[in-house]
Amino acid sequence: MTTPNSEVPYGTLDLMVLKTLAGLGPQHGYGIARRIEQVAQGSLNLNQGTIYPALLRLEQKAWIKSEWGTSENNRRARFYSITAAGRRHLAAEADSWARTVAMVNRLLATD
Amino acid sequence: MRTFISRLLDLLLRRQREDRLSEELQAHLDLLADEHIARGMSPAEARLAARRSFGGVDQIKEAYRDQRGLPLIDGLVQDLRYSVRMMGRERALTLTAVVTLGIGIGANNTVFTMFNAFLLRDLPVRNGHELVAIGTRNIELSRPGGVSLPEFREWQTELRSVRSLLAHRTRQAGLRGDGAAPELIWLNHLSERSFAILGLSPQLGRTFTPDEERAGAPPTVVIADALWKRRYGSDPAILGRSVLIGDTPVTVIGVMPAGESFPAISDAWQPLAQMPGLLAQPRTTRNLSLLARRVPGATMATVRQEMAAIGERDATLHPDTNKVVRPRVETVAEFHNGGWWQVLPALILVAGLVLLIACANTANLLLARAAGRSREIALRVSLGATRGRIVRQLMIESVTLAIAAGGVAWLVSVAGIRYVEHTMRNVSVRPRWTDFTMDAQVLMFLAGLCLVTPILFGLLPAWHLSRTKGGELLKEGGRGSTSRRLHRWTSGLVVAEIALSLVVLTCTGILIRTMLSLRDADRVIDADHLITAGLTLPASYKTADQRLDFVTRFGDRLRANPSIAAASLASTMPLSGIFPLRRLGLPGAPVTTAPGGPEIGVISVGAGYFESLGVAVLRGRAFDHGDRLGAPVAIVNRRFADAHFPNADPIGQQIQAVEAGKESAAAWLTIVGVSPSVRQAVVTEGTPVVYVPYRGEPLPRLDVIVRAAGSTAAAMPALREELKAVDDTIALFNPQTTEEMLSVRLFTHNLTAGLFIALGFVALLVSTAGLYVITAHAVTIRTQEIGVRLAVGAPAGAITWMIARHATALIVVACAIGAAAAYGSRDLMKVFVAQAAASDWMLPAAIAALLGGIALAAAMVPARRAAHLDPVAALRHE
């Protein structure tokens, strides 16, 4: 499995996608990418295409599911939504992420 | 795991998923572009901007694809498709390889199906795999035997490695007294609780109660479904009815389910206690067979060890009865089928050699194809394919080939098994559970062969081709040093193939000769229009005179019947092999009663015996009326005369046929005639035989021999009618024409001879086809060169010779090596078949000449075609 070629910290893109879907409900790939860019407020250099391998990975793990639908401006698009397993995984990962960040922060705070 | 399944699905739905990805990415780009347009960009600019912020579409697709599917399997699928395409390209080579390999694998699969049916199958009872069969072996005569009742009772309580020891014995018994015609049936006696131990329960009624299994209890019987259907029309009212078995009234208490024939063939079952004369049986009457379940953890070896120790103890404890007798422990399949199939290992060996030839042949065909492919491989190497990748690709091609051959093999084994079934269709003693279904084990064997043979035939060509270097070959235009190396391998394989075929043909030749000579040994009787049947006189024929009276009256009536030309009764008919063995007593010499000493067979015959067999007495005279009333005379067969009176005239000599334990009772007999050696048993042991008038040995067990005046179909009812007229309580057992009887009794010889002929033919076919294709391929490769030669005026003969020269050299070398190897291994078959005919140098030499001739003819066809090529077309050939 290859690492997605992006400047997003490795492993965090999955988390961001799951969080976006958990918050906004079913979204197409474009909507997810837009949302992540919005939240990042320009602090993230995201190649929008890189979310597709991530979406596939999450779908293979059954954390999200997808179906064809119509976008707001009447284009056929594939909509992704989070599954129950995905929510459980998100909760666990968010928790673990928070602890990791807190730990790193403490480490950085001590000189 | 879930990821794996999803990836697997991706693999199968590759096309759909690819479309979905493209559409999805396109939708995304469109959405982006829409947004840019909304901000006022021109559509073209918007699309460009969208691409920029999206990133490289193809890189994304690649990353996506890498994550999808299983790269390894993906590659394999690719290789597989490629190999199927490659197989389609060189059709003649591929077809030859698939068919010859398929026949080779199929031959092995057929032999394995038989092996599986005869020796690997468990008895169809509960936990049949736990069962072991226990018998005895006379170590001096090296003859297998059963177990006596005292031994069974002792072992029943003392054995530790097995539990639930049970005894059974199948015998023939007359069934009558139920309204239908008397019939001889297979009756099986079982020791206590046997049905429960085996897990067998009746479909109707019940099995024996403990009381019924005691000696002296009112006799009961459980019958088989087949007998119930055949004789009683599946009438449930049979339960509780009384029938006569022998002369005893017996109550029917149960019917076993359809197909149940424990242990091998049975029409009915009775408790062991109902076996006549059972309790009086001494230790020397060993007519029981034992079965037992191994306790958990006990292997066959454990049981053998325990039984061996008991055997030694019994030999010391009972020296008079057990000195030369040792227990014998076998699997149930060995117990029932081992004897017949001693020839199976030889079949397996020869079939294995045939498969080896087929593999060598396939390797050769692949090498021949490799010559045409070195350019392709060189290209792939130049483009960066690793050696491992090339070998993998080629091995997958080999496996694909073997799988296709597996399909052919399946057809071959279906046909082979049909032939075996056909040969065995009349064999009544074959256990009903030894059917030749291709069960899971056979399919696994077949699959195994398809996976193992590619290693045998595919590795060499793959290794060879993978040594191809990139640039070098492209420069050479596909020929040069590689071709020469290839050529050496091809030649070597052709030589190996033909030489091996020669060995196989010699081995099969020896075995076929052996089987046919065993089959035809001492077949001096005129089997035409001959019918035989068995019968047993009931106990009401108490005295010898009563029995003689029956023999005389029945014989006279038969001979008087217009549809019967000649008839006789005797204690045993030829080929049945059942006669008492006695020791020979000669005047002035003590009788050797020690075990292992010379034995003679005694057959008592009624009037007209030799006439009805169509055998003339060689010297002296046949028995006359006076002899039949009880004169102490004998006729000996030629083998007897040769063995015991090699230098004297046997006529007028005095002999004794001494029964063990009754030395003083033996009468002196005067030899009045010498008969030819009539074959008496299926396995010829060449036993010297003494014929006495029936009165001299009035056994109740008789065989009827009838020669029909016209058709046997008319004589058969006449035989039944006459018996009914003499005594309607006697059942006729197994009446059949001698042709039928011979085909049944000698089926192993016919079958194995047939199978060996087939295997020899396959070896011949495969190696010849291989040589033909190799030579034809050499012509194809050298077409341009041949064209040049023809164009500059080479005569046709020179071209033919140029091609044939090499093939001839190979054939000569192969035949020399093969003949030498065949001569060296001429005694090999003796290991498998004790009676294997000795082979001289003639057989290998003759086969070498034959094989060489056929191979040369096969090579000449393409060689001659080469000489008649059109030079212009040949020059253009690429």
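User: For residues 1–6 of chain A, how many contacts beyond four places in sequence does the model have?
Analyst: This is a predicted model, and confidence comes with each residue. Over residues 1–6 of chain A, pLDDT stays under 50. The number of contacts beyond four places in sequence for this stretch is 15.

User: What is the mean pLDDT of chain A?
Analyst: In chain A, 88% of the residues reach a pLDDT of 70 or more. The mean for chain A is 81.

User: What average pLDDT does chain B have?
Analyst: A pLDDT of at least 70 is scored by 91% of the residues of chain B. The average for chain B is 83.

User: What ipTM does the model score?
Analyst: Two scores are given for the model. The pTM is 0.70. The ipTM is 0.79.

User: In what order do the elements of chain A run?
Analyst: Chain A has four helices and three strands. The order is α-β-α-α-β-β-α.

User: What share of chain A counts as buried?
Analyst: Chain A has 111 residues. Take its contacts between residues at least 6 apart in sequence: 52% of them join residues at least 24 apart. The share of residues that count as buried is 32%.

User: How are H2(A) and H3(A) oriented, roughly parallel or roughly perpendicular?
Analyst: H2 of chain A covers residues 29–40, and H3 of chain A covers residues 51–60. Their axes come within 11 Å and cross at roughly 110°. Angles of 65 to 115 degrees count as roughly perpendicular, so H2(A) and H3(A) are roughly perpendicular.

User: Which residues of H3(A) make the contact with H2(A)?
Analyst: H2(A) passes H3(A) in a right-handed crossing. From H2(A), the contact uses A:Gly29, A:Ile32 and A:Ala33. By class, the contact has five nonpolar, one polar and no charged residues. On the H3(A) side, the residues are A:Ile51, A:Tyr52 and A:Leu55.

User: How many helices and strands does chain B come to?
Analyst: Chain B has 878 residues, of which 41% count as buried. Among its contacts with a separation of 6 or more, 84% come from residues 24 or more positions apart. The secondary structure of chain B comes to 29 helices and 22 strands.

User: Is B:Leu187 buried or exposed?
Analyst: B:Leu187 lies in strand E4 of chain B, residues 183–190. Within 10 Å there are 24 other C-beta atoms. The cut-off for burial is 20 or more, so B:Leu187 is buried.

User: Which residues does B:Leu187 touch, not counting residues up to four places away in sequence?
Analyst: B:Leu187 is 18 residues from B:Arg169 in sequence, with 8.2 Å between the two C-alpha atoms. The residues B:Leu187 touches are B:Arg171, B:Ala173, B:Ile245, B:Asp267, B:Ala268 and B:Gln270.

User: At roughly what angle do the axes of H14 and H15 of chain B cross?
Analyst: H14 of chain B covers residues 387–423, and H15 of chain B covers residues 440–466. H14(B) passes H15(B) in a right-handed crossing. The axes come within 7 Å. They cross at roughly 145°.

User: How many nonpolar residues are in the contact of H14(B) with H15(B)?
Analyst: H14(B) brings residues including B:Ile390, B:Val391 and B:Trp410. H15(B) brings residues including B:Leu446, B:Phe457 and B:Trp463. Five residues of the contact are polar and one is charged. The nonpolar ones number 18.

Key: Residues numbered from 1 in each chain as written. Chains lettered and ligands numbered in written order. Predicted model: local features only at pLDDT ≥ 70, side-chain atom pairs only at ≥ 80, totals over all residues. pLDDT = per-residue confidence, 0-100. Contact = placed C-beta atoms within 7 Å. Axes fitted to C-alpha atoms, helices over the stretch in contact; angles between N-to-C directions. Helix = DSSP H or I, 4+ residues; strand = E, 2+ residues; numbered from the N terminus. Parallel < 35°, antiparallel > 145°, perpendicular 65-115°, else oblique. Left-handed = near helix turned anticlockwise from the far one by under 90°. Nonpolar A, V, L, I, M, F, W, Y, C, P; charged D, E, K, R; others polar. Buried ≥ 20, exposed ≤ 12 C-beta atoms within 10 Å, placed from the backbone.
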